[in-house]
Amino acid sequence: MKNSPIPRLDRHPELRQHLLKYCRLQPGEIWRDPSGKHRVGCLDAANPSHIHKLMAEERATLAIHDPPYNLVAFDERELFEYIAWCKQWVENTDAVLTENGSLYIWLGADQTAGFQPLPDFMIMMRGTPFRPRSFITMRNQRGYGTQKNWMAVRQELLYYIKGEPNFNIEAEYTDIPKILRGYYKAVNGKVTENFERSKSQNIRAGNVWVDIQQVFYRMEENVNGCYTQKPLKSIERLIRASSQKGDLVLDFFCHAGTTLLAAEILGRRCYTIDLDPIYCEIAIRRLEHFRATGKTGWQNGNPFEEEISGDGELQSMLHQQQEMKTDERQQMEIF
Ligand SMILES: C[S@@+](CC[C@H](N)C(=O)[O-])C[C@H]1O[C@@H](n2cnc3c(N)ncnc32)[C@H](O)[C@@H]1O
């Protein structure tokens, strides 16, 4: 069995730098899918002219954004700066969303710093044309901070709308069978039990999602090199609920290209961008890999396998990193 993962690229700047030469997009450029469906741009979400370049006169019915959460120390900005930056890409989204459109935003809350930036972001959103519709929590299986606190397992997802977009309720049903019987209600004079009244034998996801597995290295959809990949199933649920076949879906922070892939699988079009040429390349390769193999990621491999096998310098760099990892592990075992 092949086993050639690469480490998180954000933690290995020299590896990232080395892989840049294999990326087809330079900052400012856009990849157009030969089949005419999708676009991937190496563009800045907060720059109105970049978004105009991506969209021209086209409009999307749905946007799913997963920005950096302002939680990672080296990437952290002053809160007011972060919120001003968010306001800019929300305005850019508004400019290219149809009159009846849906906007989903994944965001975090730092429990060690006043829960920033979630509440600040929500307040900022009150000053935009978007209306709040739901506040979803997705439960991760693995958490952190388990010894002296409640284990942190939540991922927040905000749902906003503009106008009156469609909502496909069928998309909301999970694979979990209903077990609670006996909730009686009179309908047209007849007493009915909840199973008789419901559309499905399964429960609805509601605004607390407990049925989605967090991406980890043993899953087919895992993309080695990436570090904040959202589960395909979560994005598919949003696309099914808030768009129709053929619609255009937007994602301003593509990273592993999850929205792009979900759109391909569900017959939607997707225009997506990332500031970093590496993640643009990974997203394009993930789509191409899926089209060629039907696979949704690289469980035991990585998006740059071919280049790595022909590049001695790159191989020794990865080898050194693997040795370093083993050394670190041995030291941890000693102490
Ligand atoms: C949290 S990740 C998105 C994860 C994605 N949903 C997935 O499933 O893989 C955020 C991404 O935003 C990108 N990014 C940061 N600032 C950006 C900006 N101003 N414009 C576009 N992309 C940006 C980062 O390079 C990173 O890849």
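**Stop 1: helix H2.** Select residues 48-55, helix H2. Helices here are DSSP runs of H or I with at least four residues, strands are runs of E with at least two, and both are numbered from the N terminus. Color His-50, Ile-51 and Leu-54: these are the buried residues of H2. Buried means that 20 or more other C-beta atoms lie within 10 Å of the residue's own; exposed means 12 or fewer, partly exposed is in between, and C-beta atoms are placed from the backbone. Now look down the axis of H2. The buried residues fall within an arc of 95 degrees, so they line one face of the helix. That arc is taken from the directions from the helix axis to the C-beta atoms.

Before moving on, note two things about the model. It is predicted: local features need pLDDT of at least 70, side-chain atom pairs count only at pLDDT 80 or more, and totals for chains, interfaces and linings use all residues. Residues are numbered from 1 along each chain as its sequence is written.

What covers the buried face? Show strand E1 (30-32), strand E2 (39-41), helix H3 (79-96) and strand E15 (269-273), which are among the elements covering the buried residues of H2. Then click Ala-56, which follows H2 and has a positive phi, near 50 degrees.

**Stop 2: the sheet.** Select the strands in the order E1-E2-E15-E14-E3-E4-E8-E7-E13. These 9 strands form an open sheet with mixed pairing. Two strands pair if DSSP finds at least two bridges between them. E1 and strand E13 (208-209) stand at the edges, each with a single partner strand, so one side of each has no neighbour in the sheet. Zoom in on E1 and E2: they run antiparallel, joined by 3 bridges. Arg-32 stands opposite Arg-39 in E2.

**Stop 3: Gln-299.** Find Gln-299 in the loop between helix H8 (277-293) and helix H9 (305-309). Is Gln-299 buried or partly exposed? Gln-299 has 19 C-beta neighbours inside 10 Å, so it counts as partly exposed. Arg-218 and Gln-299 are 81 residues apart in sequence, but 6.0 Å apart in space, C-alpha to C-alpha. Leaving aside neighbours within four places in sequence, Gln-299 is in contact (C-beta atoms, placed from the backbone, within 7 Å) with Arg-218, Met-219, Glu-220 and Asn-222.

**Stop 4: the whole protein.** Zoom out. The protein has 10 helices and 15 strands. Its C-alpha trace spans about 75 × 55 × 45 Å along the principal axes. Of its 335 residues, 35% count as buried.

Notes
Two residues are in contact if their C-beta atoms, placed from the backbone, lie within 7 Å.
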